[in-house]
Amino acid sequence: MTFKFLLFLILPLSLSAQQIKGTVYDAVTHEALESVNVYFSGTSKGTITDFDGNFEIPYYVNTQSTFTISLLGYVSQSFKDPLHTDFSNIRLQPKVGELPAVFLNPDPWSREKKEKYFVKQFLGTTLIAKQCSILNLDKIKMRFNPSTGKMIAFAQEPIRIENRDLNYLVTYDLTDFEITFESISLENVQIMGDFEAPTHRMVSSFFVGSAFFKELDESKANKGWVKRHRRRAYKVSEVRLFKLMASGEFEKEGYKLFFKRKKVDFDNHIRSRKHGNSYILDFRESQYDIMDSKNFQSAIYLEEPKLIVSEPGNVINYHVLKIGGFISYLKVSGMLPLDYELK
């Protein structure tokens with residue numbers, strides 16, 4: 001079982017031409033900051049500030065994405081109502097070096113062991129993940145706490161992922177990452193030679209953050225294989241699943257819904273209703289199994305019987321949702337921008 005989420009976002013100013021404009025400064029020195037990242041989280045809609053700290057970006061209409069302003073070494077800022085926000089004088093605070101936390105329980109796991117868990121649960125375990133590399137893995141701090149059975153990870157700078165299969169360079173600002181383990185009894189385990197017996201079994205994982213996508217290699221952006229790979233990834237993605245649920249095309253596209261291992265009628269168990277720029281999905285039960293047109297099986301677990309889904313298919317109240325099975329294996333390696341359009 002796994003949690004898979006992603007998102008934070010917001011936008012800036014200018015109602016007239018639907019352009020968001022602003023200027024970014026250092027909050028301490030008051031100097032203009034160039035090369036600041038300005039983007040709609042989870043999309044490929046973004047820009048950077050010029051030499052004078054100025055930026056201008058078209059408003060991305062079909063989104064509930066957070067509008068994010070970030071720069072390495074500074075505290076990021078996010079906004080949820082950019083069209084009604086004044087961005088003429090944005091001040092970014094420099095990050096102050098934090099003292100390492102003092103833990104009562106020492107970490108018994110090696111860096112190598114924790115990296116293996118992190119990479120699998122962050123990038124995923126599908127064939128796409130094998131074509132991905134974390135370019136700044138050494139900047140990610142990880143710790144396992146044996147008393148709680150949890151491994152956490154955090155980074156002082158955005159994580160940069162090179163996805164060669166989908167031709168994306170993904171910048172991911174990790175907000176929260178956690179893997180929960182349960183201990184394994186070694187009472188009847190015989191240890192031979194240098195074999196390291198497993199002491200814990202993974203129960204679940206989850207992470208939250210803000211992503212921005214750009215072409216890894218602009219010369220390959222329109223290549224046939226890139227389009228095919230992205231189309232393939234989109235057809236089995238989480239955002240497509242919830243977009244089909246919201247639009248009422250779930251069964252039309254070959255998806256099947258199961259409750260207690262029995263196939264059930266979608267309309268009898270899930271109701272979709274439009275609410276502004278989003279959809280509200282009401283569920284009769286708290287747990288369902290799903291099979292897509294390729295016979296990949298996934299499961300959804302709901303802490304509340306209601307999901308809020310944006311038009312592109314992003315779950316807004318992600319904290320009430322857990323996902324298991326195939327979709328949970330995709331992770332960041334299988335993610336596409338929210339503004340991706342199937343062609």
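## A buried aspartate and its partner

D165 is buried in this predicted model, because its relative accessible area of 9% falls under the 20% cut-off. Its partner is R232: the two side chains meet in a salt bridge, at 2.7 Å from N to O. This pair ties together distant parts of the chain, 67 residues apart. D165 sits in the loop between β11 (159-163) and β12 (168-183), while R232 belongs to helix α2 (residues 224-235).

How exposed is R232? With 41% relative accessibility, R232 counts as partly exposed.

## A pair with two partly exposed ends

E162 and R164 also bring their side chains together in a salt bridge, at 2.9 Å from N to O. Here E162 is partly exposed at 23% relative accessibility, and R164 is partly exposed at 32%.

## Another link across the chain

Which residue does E311 pair with? E311 forms a salt bridge with K274, and their closest N and O atoms are 3.2 Å apart. Again, distant parts of the chain get linked: E311 lies in the loop between β20 (306-310) and β21 (321-325), and K274 lies in strand β16 (residues 270-275), 37 residues away. As for accessibility, E311 is partly exposed at 27%, and K274 is partly exposed too, at 44%.

Some salt bridges share partners, and that joins R271, R273, D282 and K306 into one network. How many salt bridges are there in total? The count comes to 13. As a general idea to keep in mind, side chains of opposite charge can pair when their charged atoms come close.

Terms used: Residues are numbered from 1 along each chain as its sequence is written. This is a predicted model: local features need pLDDT of at least 70, side-chain atom pairs count only at pLDDT 80 or more; totals for chains, interfaces and linings use all residues. Side-chain values use heavy atoms; hydrogens and water are left out. A salt bridge is a side-chain nitrogen of Lys or Arg within 4 Å of a carboxyl oxygen of Asp or Glu. Buried means under 20% relative accessible area, exposed over 50%, partly exposed in between (1.4 Å probe, protein chains only). Helices (H or I, at least four residues) and strands (E, at least two) are DSSP runs, numbered from the N terminus.
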